[in-house]
Amino acid sequence: MKSFNRRAGLRRNPRGARRERGTAIIIAVMVMALLAIFVAATISRSTNETLMMSNDQANTEAYFAAQASLEHMSRNFTEVFDLRPFVTTGDIARINADLPPGFDDFDFVQSIEEETPGVSEVTTVDVGSPFAGLVATRQGWRVNATAVGPTNAEVRLTRTLNNYLIPIFQFGIFYDDPMEHHPGPAFNFGGRVHTNGDIYLMAGNTSTYFKDRVTAAGEVVTDFARNGFPYTHWGQRVKVNDGTAYQIVGQGSVIGGADTPERKAARGGDDPDLMDGTRNAGWPAYSARFRGNLIARSPFLRLPLQLDGGIPADIIRRGLPGDPLQVRTARYYNKNCVRVSLSNSQAELPASTGGVQLNATAQPNAVNQVPGGATSGYWPTPRTGGPARATRVNGYRLTPVANRQVWIKIENVVVDEATGLPVATDITESILSLGMTQSVRIGGVDFGDQDAIVKIQRFAMAGPPPRVSDANYTSNSNVTADYWFQADATNPRSAQNRNTYTYLVGATTPQSLSVVASPNLYVNGGGEQNFEYPLAAAGPNITTYNPRAGAKPNTTTTAPTKLVPFPIMMFDTREGLFNDDVSNGLWQTLYRTPATSQKVPVNGVMGMIDFDVANFRRLVNGNFDGTMPGGLTGAQISNNGEGWIVYFSDRRNDIDNDGQYDNENVYVGDSSSTLTAADAAYTTGFEPGEDVNFNGTLDVSYDNAGVGTGESATFATGREADIMAFMDTPWNRRAQRLINGALLPGTEFDGFTFSSENGVYIQGNYNATHVTAIGSPTPYTDYRNSLGPMVPASVVSDGITILGNEWNDGKSFRWALQFGDAGTAADGRRSRSNLTIRTALLMGDTRSWLVDPDGNGTPNTYPNQGGGDESLAGGVHNFKRFREDWGHTVSYCGSLINLFNSVNQTGPFKCCTKVYAPPVRDWVFDTNFLDPRRLPPGTPYFQYINLTGFRRSYVQGT
């Protein structure tokens with residue numbers, strides 16, 4: 001039935017069946033079309049995705065190629081600054097042409113451009129840098145890298161490179177070598193702290209604080225001091241501010257010492273002068289507690305001259321022919337300055353021309369000839385319309401070595417802006433016309449030169465006399481100079497605080513100066529009557545005291561009396577005494593034999609030049625205009641708009657003319673009958689701490705006889721104090737002293753810098769007169785100057801020593817190896833008032849070295865330099881050098897910069913029995929230095945390169 005019905009149905013409607021078959025075909029075609037569309041769309045989508053993926057891949061490859069190009073250029077560009085502080089057009093062309101390796105299918109466009117050509121902006125160092133926040137001069141560069149791939153995918157990347165020049169005095173404390181902190185008293189200085197070496201942190205108190213960021217290019221060491229002593233030798237830790245509170249630094253970046261396996265591998269071996277140690281794995285987490293204020297292994301900071309083959313000490317050395325650009329421009333010698341040079345010959349002066357000979361017997365200009373025939377000396381040229389003619393320079397006393405010349409040249413140096421080269425004008429005759437002799441009033445008569453700036457001789461030395469005994473003023477019968485004591489005959493002790501003179505009776509022959517105990521130290525004094533003063537027939541009536549053995553001196557009135565000028569000499573115990581702990585018996589044996597003698601170690605006798613800051617201020621202010629030969633005026637004295645710089649280099653008796661005192665043998669054993677074998681090794685041995693110039697050789701040039709064949713003598717060599725105090729030294733011991741410096745030339749923004757390759761002594765208040773109240777420390781805002789403005793100031797030299805307001809040259813000779821007389825301590829080298837100093841100090845220190853390699857607190861070697869700090873440089877708290885028994889406060893405001901080891905002031909740190917007893921340290925960083933307008937003239941700059949992240953500046957698809 002069903003089958004029938006199907007058949008019947010087909011038969012019943014044949015046309016309808018055909019119509020259904022047509023619809024099905026259409027539907028099928030439509031489905032096929034849709035499927036085709038879907039397939040085509042799918043294929044198209046797949047193709048587009050493939051193309052897009054190809055484009056992404058091409059762009060990614062171009063991106064990586066551009067990044068490789070950018071990194072390659074950045075590395076090449078920063079390497080330029082590792083060599084020099086500037087970029088040349090040749091450097092840029094070379095870097096642009098040097099394509100990154102491994103991208104042969106890519107085309108590159110590389111370019112370097114200065115953000116603002118020829119313009120540097122004053123800004124702060126970027127956040128994220130260890131030196132962030134410091135004010136610096138920034139020169140910005142853009143490094144651009146474009147990479148184009150095989151399919152024309154193109155990516156451009158840009159990076160900014162900041163070349164920062166950071167003023168050196170923006171650091172409170174900076175060391176180029178290891179920095180050591182181990183103060184006994186409280187120490188709270190302030191300012192940024194950085195060392196290019198390791199930093200050793202320990203203390204003898206609980207009040208040693210660091211207010212600001214502390215960074216070290218080396219390691220932070222807290223377990224052992226530089227000499228190997230454990231921190232328990234001092235017992236306390238230091239504290240660093242984390243931004244909100246002070247935290248104790250209980251760990252270092254190393255465990256043990258600073259000589260880690262990583263450092264040994266980089267060096268290629270062990271350093272026997274460093275304690276071994278390992279890196280502290282917990283240091284990153286521990287240092288994070290200080291929120292960036294305690295950083296180890298931070299970037300080095302270099303002076304631009306170091307990128308040009310120089311060393312930091314070059315900034316205080318004389319210039320050399322062929323100096324590279326950055327070395328030449330970095331030297332204070334070549335800056336806008338007044339340059340003062342002294343040498344043994346004219347050939348050794350700058351340019352080998354000009355200057356004057358101070359001990360010539362026949363002057364080339366008759367006006368400078370000292371009357372009386374062939375007389376060794378120099379008479380300054382008269383001034384026009386000024387005061388009386390300056391005092392004659394006594395060449396006899398300046399000539400301790402036969403036939404040796406004494407030359408001086410003073411130049412006004414101006415840097416030519418077009419060439420960058422220094423142009424020097426000889427102004428010797430003009431400056432010396434103001435005189436070279438200290439002024440003093442004696443018996444109603446004025447002696448010396450009131451206007452003198454550069455002072456090399458004097459008529460009076462502040463007493464006591466070097467060769468008179470404490471009890472009764474008995475004296476060796478062979479005394480080579482007579483003394484005048486302006487004192488009460490019934491109280492001869494009062495003469496100890498009076499001036500000492502050499503004098504001539506009458507006007508014919510010198511008294512006792514032609515017969516001397518050591519002829520090699522004197523030229524025959526028969527011509528000294530040509531230097532007697534006053535020049536008038538009648539001199540002042542004075543009272544002299546004749547020494548008598550075993551009795552008080554009797555008095556003799558002599559009138560008239562002619563005084564004779566003599567060189568300015570001073571005794572420095574640190575330089576002269578080889579060990580502060582040397583026994584009294586031993587130094588008496590060495591320097592007081594026979595018992596009637598009063599000897600001093602010759603290494604400590606310094607030939608001084610006093611630089612009168614007050615008179616220099618008068619010069620630049622125009623007070624001497626119209627009076628000096630050549631028409632020199634104050635306005636002509638070099639000033640680059642930042643203030644004045646004075647540069648000194650005294651190389652008298654420097655046999656090899658290298659600006660270095662050749663006596664590195666500064667650690668010596670006791671030369672006594674009980675000398676042990678270990679001690680004896682130090683007499684001639686070579687210790688690490690002695691090689692201050694790092695040349696691997698013990699530099700010594702001995703001439704114990706003082707005949708001029710060498711620069712130094714052994715430490716056991718002594719000479720009679722009165723000979724050394726009144727005649728120039730035959731050895732290369734030279735220094736300058738800043739006097740009358742309470743008020744400096746300049747204003748709030750124009751300052752004064754004094755630089756020297758010799759040692760410098762600052763005597764008395766400097767650039768300030770007092771503080772409102774002594775604090776802990778006194779804030780920089782509480783420093784005052786009752787005389788005028790405090791100016792941006794710096795002192796830059798081989799080594800800097802602070803002398804009190806009451807410093808006395810006579811006492812430095814009379815009590816050379818002791819602080820004072822047991823009967824009255826006031827007779828000794830004792831400060832009697834507080835001292836105030838406001839200036840940046842840039843100088844060298846001596847080398848510390850390892851004497852306790854097993855770290856048990858007992859040195860394996862000798863000697864002890866005193867103060868419990870065996871073979872240490874004294875630490876930052878002793879960076880400024882002292883020579884007195886301080887019972888008062890030294891208030892200091894400035895910046896402490898140590899860039900090298902001293903090669904002239906080579907005497908190691910010593911304390912605290914015979915050299916000095918420390919003052920109360922009231923020291924603070926001068927925050928004014930953070931203002932670029934208030935930096936001292938000639939301030940050096942560190943170079944710091946900082947790369948920023950890069951950004952994509954252009955993308956081009958295919």
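Trainee: Is glutamate 113 buried, partly exposed or exposed?

Mentor: Glutamate 113 is partly exposed, with a relative accessible area of 34%, where buried means under 20%, exposed over 50% and partly exposed in between, using a 1.4 Å probe and protein chains only. Before we go on, this is a predicted model, in which local features need pLDDT of at least 70 and side-chain atom pairs count only at pLDDT 80 or more, while totals for chains, interfaces and linings use all residues. Residues are numbered from 1 along each chain as its sequence is written, and side-chain values use heavy atoms, with hydrogens and water left out.

Trainee: And which side chain does glutamate 113 meet in a salt bridge?

Mentor: The partner is arginine 142, at 3.0 Å from N to O; a salt bridge here is a side-chain nitrogen of Lys or Arg within 4 Å of a carboxyl oxygen of Asp or Glu. The pair links distant parts of the chain, with arginine 142 in strand E3 (residues 135-148) and glutamate 113 in strand E1 (residues 107-114), 29 residues apart. Helices (H or I, at least four residues) and strands (E, at least two) are DSSP runs, numbered from the N terminus. Arginine 142 is partly exposed as well, with a relative accessible area of 25%.

Trainee: How many salt bridges are there by that rule?

Mentor: The count comes to 38. One of them joins glutamate 757 and arginine 651, at 2.6 Å from N to O, and that pair links parts of the chain that are 106 residues apart. Glutamate 757 is buried at a relative accessible area of 1%, and arginine 651 is buried at 7%. Salt bridges that share partners also join Glu219, Glu262, Arg279 and Arg297 into one network.

Trainee: Switching to helices, which residues of H9 are buried?

Mentor: In helix H9 (residues 584-591), the buried residues are Leu586, Trp587, Leu590 and Tyr591. They lie on the same side of H9, because they cover an arc of only 105° around the axis, the arc being that of the directions from the helix axis to the C-beta atoms.

Trainee: What covers the buried residues of H9?

Mentor: The cover includes helix H8 (573-576), strand E36 (599-601) and strand E39 (718-720), where contact means heavy atoms within 4.5 Å.

Trainee: Last topic: in what order do the strands of the open sheet come?

Mentor: The three strands are ordered E47-E50-E52, with parallel pairing; two strands pair if DSSP finds at least two bridges between them. Four bridges join E47 to strand E50 (residues 889-894), and arginine 838 has cysteine 893 in E50 as its bridge partner.
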